[in-house]
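Dear colleague,

Here is the structure I said I would pass on. My notes on what was found in it follow below.

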Amino acid sequence: MATTHFSGPVESAQGFIGNLVGTVLGNNSFQTISGDGAITIPTGDHAFVLLTKGSAAAITIAAPALADNGKVINVKSNTAFAHVITSSVDGFNAKGSSGTATAATAFTGELMLVADTGHWYTFSQNLWTIA
């Protein structure tokens, strides 16, 4: 697991001011998808996926392995197109057949997926349709 070491004065957006000495644990990844493609399951805890294609993108995501339990993928589009993510094994939320997540044609849509027992579950979504 990757670590970040820092020390010195810290001021947070929530109003905390003080000295911080320590380690932040985490192994996050960032992926930009600028065309049709696949979401990479992170090797660490969390992945941020940014969709930037200038038209509707066709995106796939593989089913997570049992070892991926608890991994989180956040998907955000910075283009206003109906991007479609397909989970071909059993869809989303253990549907049992191929399923899709389709973004609304808006800049503000976000989708959070969580892996559990070989399935992707929609933990939260804003302006996405799950089918």
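**Findings**

Strand β5 (residues 46-51) and strand β7 (residues 72-77) run parallel and are joined by six bridges. Within this pairing, L51 stands opposite S77 of β7. Please keep in mind that the model is predicted.

The two strands belong to an open sheet of five, in the order β3-β5-β7-β10-β11, with mixed pairing. Its edges are β3 (28-33) and β11 (119-126); each has a single partner strand, so one side of each is left without a neighbour in the sheet. On average, neighbouring strands of this sheet are turned by 20° against each other, direction ignored.

Another open sheet also has five strands, in the order β4-β6-β8-β9-β12, and its pairing is mixed as well. Here β4 (37-39) and β12 (128-130) stand at the edges, and each has a single partner strand, so one side of each lacks a neighbour in the sheet. The twist from one strand to the next averages 25°. At the β12 end, strand β9 (residues 99-103) runs antiparallel to β12, and three bridges join the two.

Of its 131 residues, 33% count as buried. The accessible surface comes to about 7100 Å², and carbon and sulfur atoms account for 59% of that. Among contacts between residues at least 6 apart in sequence, 51% join residues at least 24 apart.

One residue I went through in detail is S77, which is found in strand β7. Is S77 buried or exposed? Its relative accessibility is 2%, and buried means under 20%, so S77 counts as buried. What does the side chain of S77 reach? It reaches the backbone oxygen of T79, at 2.6 Å. The side chains of S77 and H83 are also joined by a polar contact, of 3.3 Å. Leaving out residues up to four places away in sequence, S77 touches L51, H83, F107 and G109. Two of these names have come up already: L51 stands opposite S77 in the strand pairing, and H83 makes the side-chain polar contact with S77.

Regards

Definitions and conventions: Residues numbered from 1 in each chain as written. Predicted model: local features only at pLDDT ≥ 70, side-chain atom pairs only at ≥ 80, totals over all residues. Heavy atoms only, no water. Pairing = 2+ DSSP bridges. Helix = DSSP H or I, 4+ residues; strand = E, 2+ residues; numbered from the N terminus. Axes fitted to C-alpha atoms, helices over the stretch in contact; angles between N-to-C directions. Buried < 20%, exposed > 50% of the residue type's maximum accessible area, 1.4 Å probe, protein only. Contact = heavy atoms within 4.5 Å. Areas by Shrake-Rupley, 256 points an atom, 1.4 Å probe, with all protein chains shown as cover. Polar contact = N/O pair within 3.5 Å; in protein donor to acceptor, adjacent residues only side chain to side chain.
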